[in-house]
Amino acid sequence: MAVGIPLGPYRLIRRLAAGGMAEIFLARQEGPDGFERELVVKRILPHLAADPEFTRMFRDEAKLAARLSHPNIVHVYDFGAEADLDGVTLYLAMELVRGVDLRALILRARAANAREGIDGAIPPHHAAKIASYVCEALAHAHMLRIDGAPAGIVHRDVTPSNVLVSFDGAVKLADFGIAKAATTTERTAHGVVKGKHSYLSPEQARGEELDATSDLFNVGILLFESILGEALFPPNGTLSARKLSARGEIPGRERFRRMPEELARIATRALAARPEDRYEHALSLRGHLEHYLRTVDAATGTVEIGEFVRATCPEELFEDAIGPRAAGTVATRALTAEAGAGEPGGEPEADALASSGEGTSAIDADEALESALSMAKTMVQADAEPALAGRHTPAGEATPVLSPAPSAKRGRLAAAVALLVALAIGLFWIARASRVSDEASPTGEATVEGTPRLAAARRTGVVRVSTDPPGASVVLDDVTSGVTPFERELPLGAHRVEVSLAGFAPERELARLEEPGERVSLSFSLRALAASEDGLSDAGASRPASPHGEAGRGREAGSHRDARGGASARVARPAGATGTLRVTTTPWSNVYEGSRLLGQTPIQLELSVGRHALTFRAEARPPHRESVEIRAGEVTRLRLVL
């Protein structure tokens with residue numbers, strides 16, 4: 001059985017993770033004479049593939065990554081675009097780093113220390129060496145020249161989840177997805193912030209232009225969090241962290257006293273509010289870290305860091321021995337649970353670090369409203385600037401500025417304000433919805449601020465029916481209900497579904513809804529009736545259920561039944577005939593046929609000819625059941641959003 005789905009010269013073996021813009025797959029490249037290489041493929045998410053902004057960002061990342069070649073930067077092998085049924089799929093083929101990310105390593109180390117009654121996370125000498133390697137990577141990126149001119153690259157997202165540490169001790173900086181170079185065609189608008197709120201330099205938090213020292217601020221955060229195992233900025237409210245950074249305030253500076261004195265001085269300088277007070281460049285910061293390492297007795301380096309990672313992350317090492325895993329794919333929730341609770345009545349420190357802007361978190365309603373209104377104010381002020389008679393250069397010389405007509409300005413300003421107020425209201429209600437309680441009310445209905453959660457309260461699911469060709473009549477539980485494509489919300493339980501279309505043999509299926517919110521899709525490939533059969537058929541008639549249950553459904557031994565329920569001529573099928581099924585789901589899922597696990601999406605399967613009832617199980621989603629017809633020698637493609 002062929003495993004994986006082809007994408008360009010690669011085969012996608014297993015989905016590892018997904019971010020806001022792309023999904024990550026373990027992939028394999030095969031060549032002649034048994035050549036084989038495992039790597040990672042980063043593919044733009046299907047629903048974003050048609051968005052020109054996201055595709056531009058993805059292409060920018062590919063162009064930038066192609067110019068970066070350094071032992072401490074994740075290597076990008078290839079960039080490709082492949083046409084499919086939904087348009088064009090863009091992807092990057094990258095180096096497979098077998099290990100964990102720094103976030104996972106910090107949390108694992110902190111949990112291990114807590115069990116021994118030891119404060120902190122990663123030993124200071126290892127933390128300093130990891131930060132030193134990150135500085136080497138940044139120095140290469142910052143000093144890159146394109147066509148003889150400085151590229152002016154700023155990573156802008158140097159966070160623990162983007163620092164990968166292999167089981168062999170290699171440290172690599174990843175994800176230049178929002179990095180910017182001076183040669184990039186798109187410039188970030190003034191006031192627009194890109195990056196994780198708990199890892200923003202002061203100038204980044206204010207939406208100002210950035211230079212290389214902004215990345216060094218992030219290295220200071222990495223050093224602090226690696227040693228102490230706790231978040232530098234408060235993680236509970238993402239905007240509160242941004243506000244603190246924008247004002248140049250570091251909360252709880254007394255915590256630095258728990259670090260070795262010289263490392264505390266290094267981190268404090270890297271975290272200076274003004275860029276000019278930080279280190280001049282990445283190699284200068286690296287030099288101070290290496291000076292500290294020469295003063296300690298403990299050995300550190302690639303070999304020693306590898307030993308530390310293997311000892312600290314035995315579960316991930318075991319998983320990697322079974323099947324290659326990539327750094328950066330350790331579930332935060334599992335790490336948080338292991339790290340344990342913090343002070344009574346407070347947030348666990350490990351959980352605080354895990355949620356400190358590195359992932360999707362609920363938006364606070366008040367902060368969402370404040371943020372949207374702040375954006376409105378910024379845009380209105382920016383639009384009002386052209387009304388000035390002139391702008392002055394530093395030398396004081398006025399530069400004339402063209403000013404639009406007052407009526408045009410007023411119309412544009414009114415439109416901007418209306419749009420942003422609508423955005424504010426939308427964000428406000430989205431934020432309120434994120435406060436949904438997971439506990440049921442006394443009446444058994446979960447509530448959102450006192451409003452019943454209807455989807456959760458009702459014990460219903462959704463049945464979808466499609467046919468090839470479409471337009472077939474649908475009889476649901478003996479009641480004519482519509483034509484295909486068809487969708488209906490139904491109570492839990494078994495429902496009889498019959499489809500019929502003139503000139504085609506009718507089909508019948510049982511749809512079972514077992515859990516609230518479950519979605520079951522039935523897909524029928526209708527068989528055209530021969531002339532002799534057509535005279536006997538009754539397009540509106542239904543057939544009795546097969547005595548063999550769902551697995552039979554009138555198809556036992558390759559036969560089918562006509563409209564009157566009688567067995568028709570046996571369909572000639574080669575012994576062992578098979579077809580190909582290619583499946584992708586969002587999010588990834590495990591695929592079952594009955595109780596047998598077929599694999600993990602994306603997957604390509606060789607299945608016997610006939611109908612197969614498949615179940616897709618994804619984390620935190622109800623099971624999804626899909627009935628698929630496999631035809632001899634044909635490829636059936638299935639893409640589902642669970």
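Between which two strands is the loop in which Pro485 lies? Pro485 is in the loop between strand 18 (479–483) and strand 19 (486–491).

## Basis of the report

This is a predicted model, in which local features need pLDDT of at least 70 and side-chain atom pairs count only at pLDDT 80 or more, while totals for chains, interfaces and linings use all residues. Residues are numbered from 1 along each chain as its sequence is written, and side-chain values use heavy atoms, with hydrogens and water left out.

## The chain as a whole

The protein chain has 16 helices and 29 strands. Both are DSSP runs numbered from the N terminus: helices are H or I with at least four residues, strands are E with at least two.

Of its 642 residues, 47% count as buried. Buried means under 20% relative accessible area, exposed means over 50%, and partly exposed lies in between (1.4 Å probe, protein chains only).

Two packed helices are described by the angle between their axes and the distance between the axes. Axes here are lines fitted to C-alpha atoms, for helices over the stretch in contact, and angles run from 0 to 180 degrees between N-to-C directions.

Helix 3 (residues 124–142) packs against helix 5 (residues 212–228) at about 165 degrees, with the axes 9 Å apart. The pair is therefore roughly antiparallel; angles over 145 degrees count as such, under 35 as roughly parallel, 65 to 115 as roughly perpendicular and the rest as oblique. Contact means heavy atoms within 4.5 Å. Among the residues making the contact are Ala131 and Leu138 of helix 3 and Val219 and Leu222 of helix 5.

## Helix 7 and helix 8

Helix 7 (residues 261–270) and helix 8 (residues 282–294) pack at about 170 degrees, their axes 10 Å apart. These two helices are therefore also roughly antiparallel to each other. In helix 7, Glu262, Leu263, Ile266 and Arg269 meet residues of helix 8 that include Leu285 and Tyr292.

## Cis peptide bonds

The bond joining Thr484 and Pro485 is cis, with omega about 0 degrees. Another cis bond runs from Asp468 to Pro469, with omega near 5 degrees. Pro469 sits in the loop between strand 16 (460–468) and strand 17 (473–476).

## Positive phi values

Arg156, a residue other than glycine, has a positive phi near 75 degrees. Its place is the loop between strand 9 (149–150) and strand 10 (163–166), and Arg156 counts as buried because its relative accessibility is 7%.

Asp478 also has a positive phi, near 70 degrees. Asp478 lies in the loop between strand 17 and strand 18 and, at 53% relative accessibility, counts as exposed.
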